[in-house]
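Please keep the sequence and the model in view while reading.

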Amino acid sequence: MPINFIMVAVGAAFGVLARALTTNWIKRKWNSTFPLATFIINMAGSLLLGFLTGLTIDNQLLLVLGTGFMGSFTTFSTFNVENIELLQQKKYLHLISYLGTSYVFGIVAVFIGVAAGDAVT
C-alpha cells in the first residue's frame, strides 16, 4: 500500500511541474482576460485522462499517470477561483463562456479520449 502513495506522489510532482510550465508558456504567448491557460490545461487533462481510462493498463501505471500526474496537472480549484474573479470583475460574458465551454468541451474531450484509448487497446 505505501508504494501506491509513493507512485501517486511521483506522478503528482511531475504533473504540477508540467502545469506550471504550460501555464507560464501560454500566458507568455497569449495575453488574455479569458483564463486561457487553465482552460487549455483542463481540456488537455480531460482528453488525456479519458485516453488513460480507455486503455487497458496496469493499475500501478494508472496510479502514476491518472491519479498522480493528471490529478495535479489539471486544476479544478484554479478553475473555480477564476470563475469567482470573473464574477467579481463583472465580466459576465467571459464567466458564462468559461463555465459553458469548460464543462461541455471537457466532457466531450473525455469521450474522445476514452474512444481513442479503446481504439488503441
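This is a predicted model: local features need pLDDT of at least 70, side-chain atom pairs count only at pLDDT 80 or more; totals for chains, interfaces and linings use all residues.

In which helix is the place of Phe76? Phe76 belongs to helix α4, which covers residues 76–88.

- Phe76 is exposed, because its relative accessible area is 54% and the cut-off for exposed is over 50%.
- The C-alpha atom of Phe76 is separated by 13 Å from that of Pro35, and the two residues are 41 apart along the chain.
- The axes of α4 and helix α5 (residues 92–120) come within 8 Å and cross at roughly 155°.
- The two helices are therefore roughly antiparallel, and their crossing is left-handed.
- On the α4 side, the contact is made by Phe76, Phe79, Glu82, Asn83, Leu86 and Leu87.
- On the α5 side, Tyr92, His94, Leu95, Tyr98, Leu99, Ser102 and Tyr103 take part.
- By class, this contact of α4 with α5 has nine nonpolar, three polar and one charged residues.

**Thr38 in helix α2**
- Thr38 is found in helix α2 and is buried, with a relative accessible area of 7%.
- Apart from neighbours within four places in sequence, Thr38 is in contact with Thr75, Thr78, Phe79, Glu82 and Tyr98.

**Helix α3**
- Helix α3 spans residues 59–73, and its buried residues are Leu63, Val64, Gly66, Gly68, Met70, Ser72 and Phe73.
- The cover over these buried residues includes α1 (2–29) and α2 (36–54).
- Asp58 caps the N-terminal end of α3, with a side-chain oxygen 3.0 Å from the backbone nitrogen of Gln60.

Definitions and conventions. Residues are numbered from 1 along each chain as its sequence is written. Side-chain values use heavy atoms; hydrogens and water are left out. Buried means under 20% relative accessible area, exposed over 50%, partly exposed in between (1.4 Å probe, protein chains only). Helices (H or I, at least four residues) and strands (E, at least two) are DSSP runs, numbered from the N terminus. Contact means heavy atoms within 4.5 Å. A polar contact is a pair of N or O atoms within 3.5 Å; within protein, one must be able to donate a hydrogen and the other to accept it, and residues adjacent in sequence count only if both atoms are side-chain atoms. Axes are lines fitted to C-alpha atoms, for helices over the stretch in contact, and angles run from 0 to 180 degrees between N-to-C directions. Angles under 35 degrees count as roughly parallel, over 145 as roughly antiparallel, 65 to 115 as roughly perpendicular and the rest as oblique. A crossing is left-handed if the near helix is turned anticlockwise from the far one by less than a right angle, and right-handed if clockwise. Ala, Val, Leu, Ile, Met, Phe, Trp, Tyr, Cys and Pro count as nonpolar, Asp, Glu, Lys and Arg as charged, and the others, Gly among them, as polar.
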